[in-house]
Amino acid sequence: MSTTTLQETAHHTSHGEAHGEQHHHETFITKYVFSQDHKTIAKQFLVTGIIWAIIGGLFSVIFRLQLADPTATYPWLEDLLGHWAQGGKLQPEFYYALVTMHGTILVFFVLTAGLSGTFANFLIPLQIGARDMASPMLNMLSYWFFFLASIIMMSSLFVQTGPASGGWTIYPPLSALGDASAGSKIGMDLWLVSMAMFIVSSLLGGLNYITTILNMRTKGMSMTRMPLTIWALFFTAVLGVLSFPVLLSGAILLLFDRNLGTSFYLSDIVVAGKILPNEGGSAILFQHLFWFLGHPEVYIILLPAMGMSSEILSINSRKPIFGYMAMVGSLFAITILAFLVWAHHMFVTGLNPFLGSVFVLLTLLIAVPSAIKVFNWLTTLWRGNIRFTPAMMFAIGFVSLFISGGLTGIFLGNSALDIHLHDTYFVIAHFHIVMGVASFFGMFAGVYHWYPKMFGRYLNNTLAYIHFWVTIIGAYLIFWPMHYEGLAGMPRRYYDFSNWESFKNFGGLNQFISMIALLVFAVQLLFVFNFFYSIWKGRKVTNQNPWNANTLEWTTPIRPGHGNWPGDIPEVHRWPYDYSKDGKDFIAQDVPVGADESKH
Amino acid sequence: MSTTAIPAGTKWWSGGKSPFNVSYGKVMMWYFLMSDAFTFGAFLISYGTIRFSVNHWADPNHVFNAFPFAGHANLPLAFVSLMTFILIFSSVTMVLAVHEGHNMNRKGVEKYMIMTILGGIAFLSCQAWEWTHLITGDHAVLVNGQIEHWGTTVSKNPWGPEVMFNGQEIATPGPIAFGGYFFGITGFHGFHVFSGVVINIVMYIKTKLGHFDQRGHYEMIEKAGLYWHFVDLVWVFVFLCFYLV
């Protein structure tokens, strides 16, 4: 039986009590727009993230059209993009802008803000037993800074010279010199200002997540009784708080180089026959600053997906998670190593080969905690009583993608192999599978699993299964062939491969990839339809604990109000993974330990 | 600070209470300062990599030898020493304000907050004078065989190596990274001092209005103090990097 009765708990005075169940009058503005309720803020992040994902995905479809057939013209493209697609043919400058914005949007706006912003906000107070975040005010500001960043980034799409187009890594000198390309003009400034706002948002959010987890756990919720989602979100926040400021420094120096005539990244450059006055700067310096964020960023994207998948795998296998402490330890190890491997993105910059070998060692060490996690996920599934809910399908898909994409990381982490593979489609395939698609699968798993808690309704299962199967098969069909293209040396970010004899034979393959990409994008729209349709028309949740899960969010009412629990916050007596224990299917965290109960 | 006795063997991490009774605001401030330390760290490490990759760096004894109303007297590092003293002293008054806050002495808090705010404003004024002096100064520099008169800006450095020209020693243009990093990093630090002054003014007003007396504690003053000390600490590193080495 699910625990519908709240436990008799000693009345404890957590900070959350102060703004507990206050049914003060709420207007539409305070309830849905400038809301301080963590659940509403989470939904705001999610919906904004979905809008960004559609835009970012659409961009990839448009540039895949170009790669499918560089000679084809599409009149409707001119209607859509104007002079960026003159005569229905995508212009090279805009191709680069699309590639750049696709990366920027997906990495930062969808898989950082959209993923962490949604699930850290939604799950942390609910799963640790708090009424809200430590500072609901800063939490609200975190969303609105993200919104501001979104507006600025979006506006850069509409300026005359187009958005930033030097790649999402915005390496100088291309990004530092306004004359270097169309996208290096005002679009680049907007990019940098938008990212500065984004970093403020991420900082405000991250500080809140960390302090809430450390300070506001309910009675009995010791650190080692926290669900793995919370551990993962905790380490994600630590990574963000300590790595984003370095990108901020790098971005500020880049803004100075662009607008004030400094030479932080510029040195002895001739543009169009004109010698620039800059001297003494170092473009490599920017790469160090960028990747000091850029590599932890990969884990900022991946860790929440790992945490949610761990939780969902355990619940739907009806088995305790295998190796809880090893899972926490490997999250911690990944967090530490994430800060020590950034230069593996820079093996071909002329890095000292000895330094390179140190970074190879540290990079390959990440395989150890990653392998521990994979082993534990598989052993959690092993002989489980598996329920193939849509969330479970996506969680299993996450594990599959993490293995496939992770293995190619071992190739790329070797500096000797990386010299050949650097900047080829092999890299594209690797990071799209292991970081992009895998994290999306974690996010989808989270949405399908916690949708009933968010909206009090279910998503449509048939559409969900179609969504899953097309996406996982499609993702492999898109990215698997790219490994072969990359091994053959096909470079990334090229506008047209038909000029090279050596890449001509990939024309058919590129066409195939583009067709699948179009199909997979269409299926994501099906998911978006399902998402919005179900908010109003989905099957209503009638059971307080629809997945028979142990964690605290399922002890709240079906539609929890601001403050989450109508009465006292439940007290926690056990870890969250007591599934199939002592003949009981599940024992929720707020059930006291019985006298004759065995240890887990 | 909590005055209630804490029983030995309290399980700080078992939930239901904040570990070690630290308020969430203080935890947040500490994490913010860690984050900010990474921002400054990135700036200073960037400065270091460039500084040690160029052959010549301006001698601080030459660049920073002026003093307001002292004409052309050669007083190396005297003014920046005064600035540093002012800032460190404002940290002392901040400590005293926090101390008075623990004693719930509103008048004392007000007095020391005023002194801290004045210290911050004085530091910023000194920095404004120093910047103006550097930018508007004119130093003879040998550029392409011609003598020009330059100030120190983000794109001009008149403090390069000296050469003999028409029988006298004259400077050549130095690496322009000098001005960029100097103005960039001291400016970013100055921005922090400025926001610290604004925060302290808000704290002063809240003290004056009796908000903290009503609340029963002066923890906000303590949090503002953490920030203020951090800004001072960063100055020690900035001072070291630009004025001492």
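1. Two residues are in contact if their C-beta atoms, placed from the backbone, lie within 7 Å. On that basis, residues 24 or more positions apart account for 81% of the contacts in chain A with a separation of 6 or more.

2. The structure is a predicted model, in which local features need pLDDT of at least 70 and side-chain atom pairs count only at pLDDT 80 or more, while totals for chains, interfaces and linings use all residues. Residues are numbered from 1 along each chain as its sequence is written, and chains are lettered from A and ligands numbered from 1 in the order in which they are written.

3. Chain A has 17 helices and four strands; helices (H or I, at least four residues) and strands (E, at least two) are DSSP runs, numbered from the N terminus. The C-alpha trace of chain A spans about 80 × 55 × 50 Å along its principal axes. For 600 residues, a compact globule would have a radius of gyration near 25 Å, and the 24 Å of chain A agrees with this. The radius is taken over C-alpha atoms, and the globule rule is 2.2 Å times the number of residues to the power 0.38. Of the 600 residues of chain A, 55% count as buried. A residue is buried if 20 or more other C-beta atoms lie within 10 Å of its own, exposed if 12 or fewer, and partly exposed in between, with C-beta atoms placed from the backbone.

4. The contact between the two chains takes 41 residues from chain A and 30 residues from chain B. On the side of chain A that touches chain B, the elements that give two or more residues are α6 (186-215), α7 (228-259) and α8 (283-317) of chain A. The largest share of that side, nine residues, comes from α7(A). By class, the side has 21 nonpolar, 17 polar and three charged residues. Here Ala, Val, Leu, Ile, Met, Phe, Trp, Tyr, Cys and Pro count as nonpolar, Asp, Glu, Lys and Arg as charged, and the others, Gly among them, as polar.

5. Two packed helices are described by the angle between their axes and the distance between the axes. Axes are lines fitted to C-alpha atoms, for helices over the stretch in contact, and angles run from 0 to 180 degrees between N-to-C directions. Helices α7(A) and α8(A) pack at about 160°, with their axes 8 Å apart, and are therefore roughly antiparallel to each other. Angles under 35 degrees count as roughly parallel, over 145 as roughly antiparallel, 65 to 115 as roughly perpendicular and the rest as oblique. The crossing of α7(A) past α8(A) is left-handed; a crossing is left-handed if the near helix is turned anticlockwise from the far one by less than a right angle, and right-handed if clockwise. The contact of α7(A) with α8(A) has 22 nonpolar, eight polar and two charged residues.

6. Helix α14 (residues 425-455) of chain A packs against helix α15 (residues 461-487) of chain A at an angle of about 165°, with axes 8 Å apart. That makes α14(A) roughly antiparallel to α15(A), and the crossing is left-handed. Among the residues that meet are Tyr425(A), Phe426(A) and Tyr448(A) in α14(A), and Ala464(A), Phe479(A) and Glu485(A) in α15(A). By class, this contact has 13 nonpolar, three polar and one charged residues.

7. In chain B, α1(B) and helix α5 (residues 177-208) pack at about 165°, with their axes 11 Å apart. That makes α1(B) roughly antiparallel to α5(B). Phe43(B), Leu44(B), Tyr47(B) and Ile50(B) of α1(B) make the contact with Ala177(B), Tyr181(B), Ile185(B) and Phe188(B) of α5(B). The contact has eight nonpolar, no polar and no charged residues.

8. Asp36(B) lies in helix α1 (residues 24-51) of chain B. With 19 C-beta neighbours inside 10 Å, Asp36(B) counts as partly exposed. Leaving aside neighbours within four places in sequence, Asp36(B) is in contact with Pro245(A) and Phe230(B).

9. A cis peptide bond, with omega about 5°, joins Pro172(A) and Pro173(A); Pro173(A) is in the loop between α5 (136-155) and α6 of chain A. Asp268(A), a residue other than glycine, has a positive phi near 45° and is placed in the loop between α7 and β1 (270-271) of chain A. With 11 C-beta neighbours inside 10 Å, Asp268(A) counts as exposed. Asn144(B), in the loop between β1 (139-143) and β2 (146-150) of chain B, has a positive phi near 50°. Asn144(B) counts as exposed, with 6 C-beta neighbours inside 10 Å.
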